[in-house]
Amino acid sequence: MQTALDQAAQHNEHDAKVIHESEATIHRVVGQVDEAVGALNQRAAELSERGSLVKAQVEQLMVAFQFQDRVHQIVDQVNGSIHSAVARLSEALPQGQTPAADEWQALLSAGYTTDEQRAIASGAAPKTAPQATTETTFF
């Protein structure tokens, strides 16, 4: 009977040792997973911040491109108006006349593309600009 008790005690010690080693392995694996998840979270936060910076830069570029495009449109409209005015003046001067003020106004405003330009040209007050927002509207 003593032999059986001794064997049981040895098995018990062995089982306790195996359980302790298993617990240590589980804690080590859980620690490694925690470290990996922490590193992934940090990387995700860095990428999110970088993405926000890229978004802000793209928005600034879009606004700059829109501004450049609008300036180009205005310059084209002014050039067109100058050419039309020169052509009309070339027609009128040989006859000793100049175009009437209304004709000049119609000639120069023919290329207007915005309500604001038309309102200013007609002497009306332009509509007030909408309140500034943090959102960029691309048109």
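What percentage of the 139 residues of the protein count as buried?

## Overall composition

In this predicted model, 6% of the 139 residues of the protein count as buried. The protein has three helices and zero strands, so that the order of its elements, read from the N terminus, is α-α-α.

The protein exposes about 11,700 Å², of which carbon and sulfur atoms supply 60%. Among the contacts in the protein with a separation of 6 or more, 46% come from residues 24 or more positions apart.

## Packing of H1 and H2

Helix H1 spans residues 2-92, and helix H2, which covers residues 101-109, packs with H1 at an angle of about 145 degrees, the two axes lying 8 Å apart. The crossing of these two helices, H1 and H2, is right-handed.

On the H1 side, the residues in contact are Gln77, Ser81, Ser84, Ala85, Arg88 and Leu89, and they meet Glu103, Trp104, Leu107 and Leu108 of H2.

## A nonpolar patch and Val54

Val54, Val58, Leu61, Met62 and Phe65 together make a nonpolar surface patch of about 440 Å². Val54 belongs to helix H1, and because its relative accessible area is 44%, Val54 is classed as partly exposed.

## Gln105 in H2

Gln105 is located in helix H2, where its relative accessibility of 35% means that Gln105 counts as partly exposed; buried residues would have to fall under 20% and exposed ones over 50%. Along the chain, Gln105 and Ser122 are 17 residues apart, and their C-alpha atoms are separated by 9.0 Å.

Definitions and conventions
Residues numbered from 1 in each chain as written. Predicted model: local features only at pLDDT ≥ 70, side-chain atom pairs only at ≥ 80, totals over all residues. Heavy atoms only, no water. Patch = residues over 30% accessible without salt bridge, like charges linked within 9 Å, V, L, I, M, F, W, Y side chains within 5 Å. Areas by Shrake-Rupley, 256 points an atom, 1.4 Å probe, with all protein chains shown as cover. Salt bridge = Lys/Arg side-chain N within 4 Å of Asp/Glu carboxyl O. Helix = DSSP H or I, 4+ residues; strand = E, 2+ residues; numbered from the N terminus. Buried < 20%, exposed > 50% of the residue type's maximum accessible area, 1.4 Å probe, protein only. Axes fitted to C-alpha atoms, helices over the stretch in contact; angles between N-to-C directions. Left-handed = near helix turned anticlockwise from the far one by under 90°. Contact = heavy atoms within 4.5 Å.
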